[in-house]
Amino acid sequence: MKPDSLAKAAALKKPDRTKTYLTVIILILLLWGSAYKTDATLTSLITGTPEMGKLIVEMFPPDWSYFDVIWKPMLETIQMAVIGTTLGAILAIPISLFAARNVTKSPLLYYPARFILNLVRTIPDLLFAAVFVAIFGLGPFAGVLALMFFSFGLISKLAYESIEAIDPGPLEAMTAVGANKLQWIHFGVIPQVMASFTAYLLYTFEVNVRAAAVLGLVGAGGIGLYLDRSMGQLRYDRTCLIILVTLAIVLIIDYASTKIRERLL
């Protein structure tokens, strides 16, 4: 058989799918084992569906008169998200520069920076809120601090990954002409990541509006306190109104953020 024929035959030979089959089997076993241990069965879902239907029936029509009570705490929720996101973004700028290997060459700097980010992202925002409520007492201040740390961890992670993906050409050119570190960052790094950083900031703000609505469940202020109260009183019509108002605000913020990101990117 000619060498060309052997090459064609090798090319036409089907690839070995053993690894693919083993991967699928392992994933199915993991899924089945997780469902078994957590009692997440299709039977439980079918059994609980009628109760879900009853709850939805009790939620409608919403108690529109309750809007006079919730508009101030809803505004407080948005204010918490604004302050927490802004402070978190400010703190994220230096730590993201320290965590990026192409900016910070020393392992003594970027490894501790990444450890701090991993530690912050490990703690859920609800746990942050519960801790700050225990320290500072009930109120929106604890919620602002919780959202600040959450925003700090999220934005820093996304920002330093964007910094590591920038074009190294301008940085090398600036190094060649003798630019110092601050000039290197100001003229070579920031212009390349500013649009992405702003997009991350807007995305985090959207997430924080939703998160701030829940932080009140642990006493961190905002609309979450009224959400918890209405559910505890079995006033699901008021719960429905809170959900609808929160949805409307989130949709408005999402639309505005999308338009801003389109202009930037």
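## A cluster of rings

Phe-128, Phe-132, Phe-136, Phe-141 and Phe-149 are linked into a cluster by ring pairs. Rings of Phe, Tyr and Trp (its six-membered ring) pair if their centres lie within 6.5 Å; planes under 30 degrees apart count as stacked, over 60 as edge-to-face and the rest as tilted. Searching the whole structure turns up five aromatic pairs. One of them joins Phe-128 and Phe-149, which are stacked at 5.2 Å centre to centre, with 25 degrees between the planes.

Phe-128 belongs to helix α6 (residues 125–136) and Phe-149 to helix α7 (residues 140–164), so their pair ties together parts 21 residues apart in sequence. Helices (H or I, at least four residues) are DSSP runs, numbered from the N terminus. Phe-128 is buried, at 10% relative accessible area, while Phe-149 is partly exposed, at 28%. Buried means under 20% relative accessible area, exposed over 50%, and partly exposed in between (1.4 Å probe, protein chains only).

## Thr-239 and its contacts

Helix α11 (residues 236–264) holds Thr-239. Thr-239 is buried, with a relative accessible area of 4%. Leaving aside residues up to four places away in sequence, Thr-239 touches Leu-227, Ser-230 and Met-231; contact means heavy atoms within 4.5 Å.

## A charge over a ring

Arg-229 lies over the face of Tyr-226, 4.9 Å from the ring centre. A charge sits over a ring if NZ of Lys or CZ of Arg is within 6 Å of the ring centre and within 35 degrees of the ring normal.

## About the model

This is a predicted model: local features need pLDDT of at least 70, side-chain atom pairs count only at pLDDT 80 or more, and totals for chains, interfaces and linings use all residues. Residues are numbered from 1 along each chain as its sequence is written, and side-chain values use heavy atoms, leaving out hydrogens and water.

Technical notes: Helix = DSSP H or I, 4+ residues; strand = E, 2+ residues; numbered from the N terminus.
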